Amino acid sequence: RCVQETGINAEYMGNIQKLTNFRNFSTMAQSNQAVLAYYGIKGRAEPLRILLSVAGIPWENRVIEGQTWFTTGKNELQSPFPNLPYLEHNGKVITQTGAIAQYIAHAANRTDLLGKGEDAILVTQVRGVIADLGATIMSNAFADNFVDLAKQGLADKGQPLLKQLNTFLGDREFLVGYLTHADIELYFCLDFINALEPSALADHQNLVRLHQRVAQVSEVAAYLSSERNIGKTYFCLLYTSDAADDLLCVDLGGRRIIKKKK
(Lines give C-alpha, C1' and ligand atoms only; values in the text may rest on other atoms or scores of the structure.)
Protein backbone atom coordinates (compact mmCIF):
# COMPACT_ATOMS: atom_id res chain seq x y z
CA ARG A 1 0.00 0.00 0.00
CA CYS A 2 1.27 3.47 -0.82
CA VAL A 3 0.11 6.79 0.56
CA GLN A 4 -0.71 9.71 -1.71
CA GLU A 5 -1.47 13.26 -0.55
CA THR A 6 -4.16 14.87 -2.70
CA GLY A 7 -6.72 17.62 -2.54
CA ILE A 8 -10.33 16.57 -2.26
CA ASN A 9 -11.10 13.14 -3.73
CA ALA A 10 -11.13 13.19 -7.54
CA GLU A 11 -14.54 11.57 -7.90
CA TYR A 12 -16.04 14.09 -5.50
CA MET A 13 -14.59 16.95 -7.55
CA GLY A 14 -15.92 15.34 -10.69
CA ASN A 15 -19.37 15.21 -9.14
CA ILE A 16 -19.17 18.92 -8.35
CA GLN A 17 -18.23 19.70 -11.95
CA LYS A 18 -20.94 17.45 -13.37
CA LEU A 19 -23.82 18.20 -11.03
CA THR A 20 -23.54 21.80 -9.80
CA ASN A 21 -26.24 23.90 -11.41
CA PHE A 22 -26.69 26.55 -8.71
CA ARG A 23 -24.07 28.40 -6.66
CA ASN A 24 -25.98 31.10 -4.78
CA PHE A 25 -27.15 29.77 -1.42
CA SER A 26 -29.62 32.62 -0.99
CA THR A 27 -31.39 32.01 -4.32
CA MET A 28 -34.60 30.11 -3.71
CA ALA A 29 -35.86 27.36 -5.99
CA GLN A 30 -38.64 28.72 -8.14
CA SER A 31 -41.90 27.27 -9.46
CA ASN A 32 -42.28 23.49 -9.18
CA GLN A 33 -38.57 22.85 -9.66
CA ALA A 34 -37.08 21.46 -6.45
CA VAL A 35 -33.43 21.76 -5.54
CA LEU A 36 -31.84 19.19 -3.22
CA ALA A 37 -28.57 20.40 -1.73
CA TYR A 38 -25.85 18.13 -0.37
CA TYR A 39 -22.20 17.23 -0.78
CA GLY A 40 -21.16 15.55 -4.02
CA ILE A 41 -21.75 12.11 -2.54
CA LYS A 42 -24.68 9.76 -1.92
CA GLY A 43 -24.85 9.96 1.88
CA ARG A 44 -28.04 11.08 3.61
CA ALA A 45 -29.37 12.70 0.44
CA GLU A 46 -29.48 9.60 -1.76
CA PRO A 47 -32.80 8.17 -0.51
CA LEU A 48 -34.29 11.64 -0.96
CA ARG A 49 -33.02 11.86 -4.55
CA ILE A 50 -34.70 8.55 -5.28
CA LEU A 51 -37.87 9.62 -3.45
CA LEU A 52 -38.08 12.83 -5.49
CA SER A 53 -37.75 10.78 -8.67
CA VAL A 54 -40.45 8.29 -7.62
CA ALA A 55 -42.79 11.08 -6.46
CA GLY A 56 -42.48 12.79 -9.83
CA ILE A 57 -41.28 16.18 -8.59
CA PRO A 58 -38.85 17.83 -11.06
CA TRP A 59 -35.59 18.40 -9.21
CA GLU A 60 -31.93 19.23 -9.57
CA ASN A 61 -28.85 18.63 -7.44
CA ARG A 62 -27.03 21.48 -5.78
CA VAL A 63 -23.59 20.17 -4.88
CA ILE A 64 -22.12 21.82 -1.79
CA GLU A 65 -18.40 22.12 -1.18
CA GLY A 66 -17.51 21.39 2.43
CA GLN A 67 -15.47 24.50 3.13
CA THR A 68 -18.02 26.77 1.44
CA TRP A 69 -20.85 25.35 3.52
CA PHE A 70 -19.12 25.92 6.84
CA THR A 71 -17.76 29.37 5.99
CA THR A 72 -20.76 30.97 4.28
CA GLY A 73 -23.49 28.59 3.12
CA LYS A 74 -24.79 27.51 6.51
CA ASN A 75 -25.11 31.09 7.75
CA GLU A 76 -26.85 32.26 4.57
CA LEU A 77 -29.41 29.46 4.35
CA GLN A 78 -32.89 30.85 4.99
CA SER A 79 -33.88 28.29 7.61
CA PRO A 80 -34.11 28.33 11.41
CA PHE A 81 -32.39 24.93 11.36
CA PRO A 82 -29.66 25.15 8.68
CA ASN A 83 -28.31 21.72 7.86
CA LEU A 84 -27.48 19.36 5.01
CA PRO A 85 -29.23 18.03 3.10
CA TYR A 86 -31.82 20.72 2.52
CA LEU A 87 -34.63 21.01 -0.01
CA GLU A 88 -35.80 24.21 -1.70
CA HIS A 89 -39.23 24.08 -3.30
CA ASN A 90 -41.91 26.69 -3.99
CA GLY A 91 -40.18 29.27 -1.81
CA LYS A 92 -39.72 26.90 1.12
CA VAL A 93 -36.53 25.56 2.67
CA ILE A 94 -36.80 22.23 4.48
CA THR A 95 -34.02 20.56 6.45
CA GLN A 96 -33.78 17.21 8.29
CA THR A 97 -34.17 14.10 6.16
CA GLY A 98 -37.38 12.85 7.81
CA ALA A 99 -39.10 16.20 7.34
CA ILE A 100 -37.89 16.44 3.74
CA ALA A 101 -39.29 12.97 2.97
CA GLN A 102 -42.67 13.92 4.45
CA TYR A 103 -42.70 17.17 2.50
CA ILE A 104 -41.92 15.41 -0.78
CA ALA A 105 -44.72 12.89 -0.32
CA HIS A 106 -47.29 15.56 0.56
CA ALA A 107 -46.14 18.00 -2.14
CA ALA A 108 -46.51 15.28 -4.77
CA ASN A 109 -49.83 14.01 -3.35
CA ARG A 110 -48.08 10.67 -2.83
CA THR A 111 -48.66 10.11 0.86
CA ASP A 112 -48.84 6.40 0.05
CA LEU A 113 -45.05 6.59 0.01
CA LEU A 114 -45.24 7.21 3.76
CA GLY A 115 -47.64 4.29 4.26
CA LYS A 116 -51.41 4.09 3.82
CA GLY A 117 -53.49 4.44 6.98
CA GLU A 118 -52.05 2.42 9.85
CA ASP A 119 -49.31 1.15 7.53
CA ALA A 120 -47.64 4.50 8.23
CA ILE A 121 -46.90 3.28 11.75
CA LEU A 122 -45.30 0.11 10.42
CA VAL A 123 -43.29 2.07 7.85
CA THR A 124 -41.94 4.30 10.63
CA GLN A 125 -41.12 1.24 12.73
CA VAL A 126 -39.23 -0.44 9.90
CA ARG A 127 -37.38 2.79 9.11
CA GLY A 128 -36.18 2.77 12.72
CA VAL A 129 -34.71 -0.70 12.24
CA ILE A 130 -33.05 0.44 9.00
CA ALA A 131 -31.55 3.41 10.86
CA ASP A 132 -30.22 1.01 13.52
CA LEU A 133 -28.69 -1.09 10.75
CA GLY A 134 -26.99 1.94 9.28
CA ALA A 135 -25.64 2.89 12.70
CA THR A 136 -23.88 -0.47 13.03
CA ILE A 137 -21.85 0.49 9.96
CA MET A 138 -21.37 4.22 10.51
CA SER A 139 -20.76 4.40 14.28
CA ASN A 140 -17.00 4.76 13.70
CA ALA A 141 -17.21 7.03 10.68
CA PHE A 142 -14.33 9.27 11.77
CA ALA A 143 -11.90 6.49 12.61
CA ASP A 144 -8.79 6.03 10.48
CA ASN A 145 -9.67 2.36 9.96
CA PHE A 146 -13.33 3.08 9.27
CA VAL A 147 -13.77 0.45 6.54
CA ASP A 148 -12.46 -2.36 8.75
CA LEU A 149 -14.57 -1.19 11.70
CA ALA A 150 -17.65 -0.88 9.49
CA LYS A 151 -17.25 -4.46 8.30
CA GLN A 152 -16.83 -5.63 11.89
CA GLY A 153 -19.87 -3.70 13.06
CA LEU A 154 -21.90 -5.16 10.23
CA ALA A 155 -20.80 -8.68 11.15
CA ASP A 156 -21.37 -8.30 14.90
CA LYS A 157 -24.46 -6.11 15.15
CA GLY A 158 -25.78 -5.69 11.64
CA GLN A 159 -26.38 -9.34 10.82
CA PRO A 160 -29.16 -9.83 13.41
CA LEU A 161 -30.95 -6.78 12.00
CA LEU A 162 -30.55 -8.02 8.44
CA LYS A 163 -32.07 -11.32 9.55
CA GLN A 164 -35.03 -9.53 11.14
CA LEU A 165 -35.67 -7.49 8.00
CA ASN A 166 -35.25 -10.51 5.74
CA THR A 167 -37.77 -12.51 7.80
CA PHE A 168 -40.21 -9.60 8.00
CA LEU A 169 -40.11 -9.07 4.24
CA GLY A 170 -40.70 -12.74 3.47
CA ASP A 171 -42.05 -13.26 -0.04
CA ARG A 172 -43.75 -9.84 -0.26
CA GLU A 173 -42.79 -7.60 -3.14
CA PHE A 174 -42.09 -4.64 -0.82
CA LEU A 175 -41.86 -4.19 2.94
CA VAL A 176 -45.56 -3.42 3.48
CA GLY A 177 -46.72 -4.83 0.15
CA TYR A 178 -46.24 -1.69 -1.93
CA LEU A 179 -43.37 0.75 -2.47
CA THR A 180 -42.75 3.21 0.37
CA HIS A 181 -39.98 5.43 1.64
CA ALA A 182 -38.84 2.54 3.84
CA ASP A 183 -38.09 0.41 0.77
CA ILE A 184 -36.07 3.26 -0.70
CA GLU A 185 -34.06 3.73 2.50
CA LEU A 186 -33.46 -0.01 2.77
CA TYR A 187 -32.42 -0.13 -0.88
CA PHE A 188 -29.74 2.48 -0.23
CA CYS A 189 -28.53 0.74 2.93
CA LEU A 190 -28.29 -2.59 1.09
CA ASP A 191 -26.52 -0.88 -1.79
CA PHE A 192 -23.85 0.40 0.59
CA ILE A 193 -23.55 -2.97 2.30
CA ASN A 194 -23.11 -4.62 -1.09
CA ALA A 195 -20.29 -2.21 -1.88
CA LEU A 196 -18.72 -2.65 1.55
CA GLU A 197 -19.01 -6.43 2.00
CA PRO A 198 -21.09 -8.25 -0.68
CA SER A 199 -20.97 -11.57 1.18
CA ALA A 200 -22.89 -10.01 4.08
CA LEU A 201 -26.16 -10.45 2.17
CA ALA A 202 -25.60 -14.09 1.20
CA ASP A 203 -28.04 -15.41 3.82
CA HIS A 204 -30.68 -12.76 3.18
CA GLN A 205 -32.00 -13.48 -0.29
CA ASN A 206 -35.34 -11.78 0.33
CA LEU A 207 -33.40 -8.54 0.83
CA VAL A 208 -31.25 -9.21 -2.23
CA ARG A 209 -34.41 -9.54 -4.30
CA LEU A 210 -35.87 -6.36 -2.77
CA HIS A 211 -32.70 -4.48 -3.69
CA GLN A 212 -33.04 -5.65 -7.27
CA ARG A 213 -36.77 -4.94 -7.35
CA VAL A 214 -36.44 -1.33 -6.16
CA ALA A 215 -33.70 -0.68 -8.73
CA GLN A 216 -36.09 -1.92 -11.43
CA VAL A 217 -38.89 0.51 -10.55
CA SER A 218 -39.09 2.67 -13.68
CA GLU A 219 -38.49 6.01 -11.95
CA VAL A 220 -35.63 4.60 -9.90
CA ALA A 221 -34.02 2.97 -12.93
CA ALA A 222 -34.27 6.26 -14.83
CA TYR A 223 -32.54 8.12 -12.00
CA LEU A 224 -29.80 5.51 -11.60
CA SER A 225 -28.97 5.72 -15.31
CA SER A 226 -28.99 9.53 -15.37
CA GLU A 227 -26.14 11.99 -14.93
CA ARG A 228 -27.62 13.03 -11.59
CA ASN A 229 -26.59 9.67 -10.12
CA ILE A 230 -23.64 10.47 -7.87
CA GLY A 231 -21.70 7.26 -8.52
CA LYS A 232 -19.75 5.14 -6.05
CA THR A 233 -18.97 7.66 -3.30
CA TYR A 234 -21.36 6.85 -0.46
CA PHE A 235 -20.31 8.86 2.59
CA CYS A 236 -18.04 11.72 3.62
CA LEU A 237 -15.68 12.43 6.47
CA LEU A 238 -15.33 15.97 7.71
CA TYR A 239 -11.81 15.43 8.99
CA THR A 240 -8.65 14.14 7.39
CA SER A 241 -8.27 10.38 7.73
CA ASP A 242 -7.41 7.41 5.58
CA ALA A 243 -10.87 5.86 5.68
CA ALA A 244 -11.81 6.52 2.06
CA ASP A 245 -10.55 3.27 0.58
CA ASP A 246 -12.35 2.07 -2.54
CA LEU A 247 -14.16 5.41 -2.95
CA LEU A 248 -16.65 4.53 -0.21
CA CYS A 249 -15.90 7.85 1.49
CA VAL A 250 -14.34 11.21 0.77
CA ASP A 251 -12.82 13.79 3.08
CA LEU A 252 -14.33 17.27 2.90
CA GLY A 253 -11.88 18.90 5.25
CA GLY A 254 -9.39 20.23 2.71
CA ARG A 255 -6.58 17.67 2.84
CA ARG A 256 -6.93 14.05 1.95
CA ILE A 257 -4.85 10.91 2.41
CA ILE A 258 -5.79 8.08 0.10
CA LYS A 259 -4.26 4.69 0.59
CA LYS A 260 -4.17 2.77 -2.64
CA LYS A 261 -3.85 -0.96 -2.82
CA LYS A 262 -0.84 -2.20 -4.74
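These legends walk you through several close-up views of one predicted protein model.

Residues are numbered from 1 along each chain as its sequence is written, and side-chain values use heavy atoms, with hydrogens and water left out. In this predicted model, local features need pLDDT of at least 70 and side-chain atom pairs count only at pLDDT 80 or more, while totals for chains, interfaces and linings use all residues.

**View 1. The whole chain, to get your bearings.**
The protein chain has 9 helices and 8 strands. Helices (H or I, at least four residues) and strands (E, at least two) are DSSP runs, numbered from the N terminus. Of the 262 residues, 49% are buried; buried means under 20% relative accessible area, exposed means over 50%, and partly exposed lies in between (1.4 Å probe, protein chains only). Among contacts in the chain with a separation of 6 or more, 69% are between residues 24 or more positions apart. A contact here means heavy atoms within 4.5 Å.

**View 2. The largest nonpolar core.**
In soluble globular proteins, nonpolar side chains tend to be buried together. Here the largest nonpolar core has 65 residues, and L87, I104 and I193 have the most contacts inside it. Helix α7 (residues 181-196) gives the most to this core, with 10 residues. Such a core is a set of buried Ala, Val, Leu, Ile, Met, Phe, Trp, Tyr and Cys residues joined through side-chain atoms within 4.5 Å. Have a look around I193: leaving out residues up to four places away in sequence, I193 touches L133, I137, L154, L162, P198, A200 and L201.

**View 3. Helix α6 against helix α8.**
Two packed helices are described by the angle between their axes and the distance between the axes. Helix α6 (residues 146-169) packs against helix α8 (residues 205-216) at an angle of about 75 degrees, with their axes 8 Å apart. That makes α6 roughly perpendicular to α8, a label for angles of 65 to 115 degrees (under 35 is roughly parallel, over 145 roughly antiparallel, and the rest oblique). The axes are lines fitted to C-alpha atoms, for helices over the stretch in contact, and angles run from 0 to 180 degrees between N-to-C directions. On the α6 side, L162, L165, N166 and L169 make the contact, and on the α8 side Q205, N206, L207 and L210 do. These residues divide into 5 nonpolar, 3 polar and no charged. In this count, Ala, Val, Leu, Ile, Met, Phe, Trp, Tyr, Cys and Pro are nonpolar, Asp, Glu, Lys and Arg are charged, and the others, Gly among them, are polar.

**View 4. E185 and its partner R127.**
E185 sits in helix α7. This residue counts as buried because its relative accessibility is 17%. The side chains of E185 and R127 are joined by a polar contact of 2.8 Å. A polar contact is a pair of N or O atoms within 3.5 Å; within protein, one must be able to donate a hydrogen and the other to accept it, and residues adjacent in sequence count only if both atoms are side-chain atoms. Setting aside neighbours within four places in sequence, E185 is in contact with P47, R127 and I130.

**View 5. N61 in strand β3.**
Look for N61 in strand β3 (residues 59-63). With a relative accessible area of 2%, N61 is buried. Its side chain makes a polar contact of 3.0 Å with the side chain of R49. A polar atom of the N61 side chain also lies 3.4 Å from the backbone oxygen of R228.

**View 6. A cis peptide bond and the start of the next helix over.**
L84 and P85 are joined by a cis peptide bond, with omega about -5 degrees. P85 is in the loop between α3 (66-76) and β4 (86-89). T97, in helix α4, is in contact with R44, L48 and P85, leaving aside neighbours within four places in sequence. T97 is partly exposed, at 26% relative accessible area.

**View 7. Two asparagines with positive phi.**
N90 lies in the loop between β4 and β5 (92-95), and its phi is near 50 degrees, a positive value in a residue other than glycine. N90 is partly exposed, with a relative accessible area of 36%. N109 lies in the loop between α4 (97-107) and α5, with a positive phi of about 55 degrees although it is not a glycine. At 67% relative accessible area, N109 is exposed.
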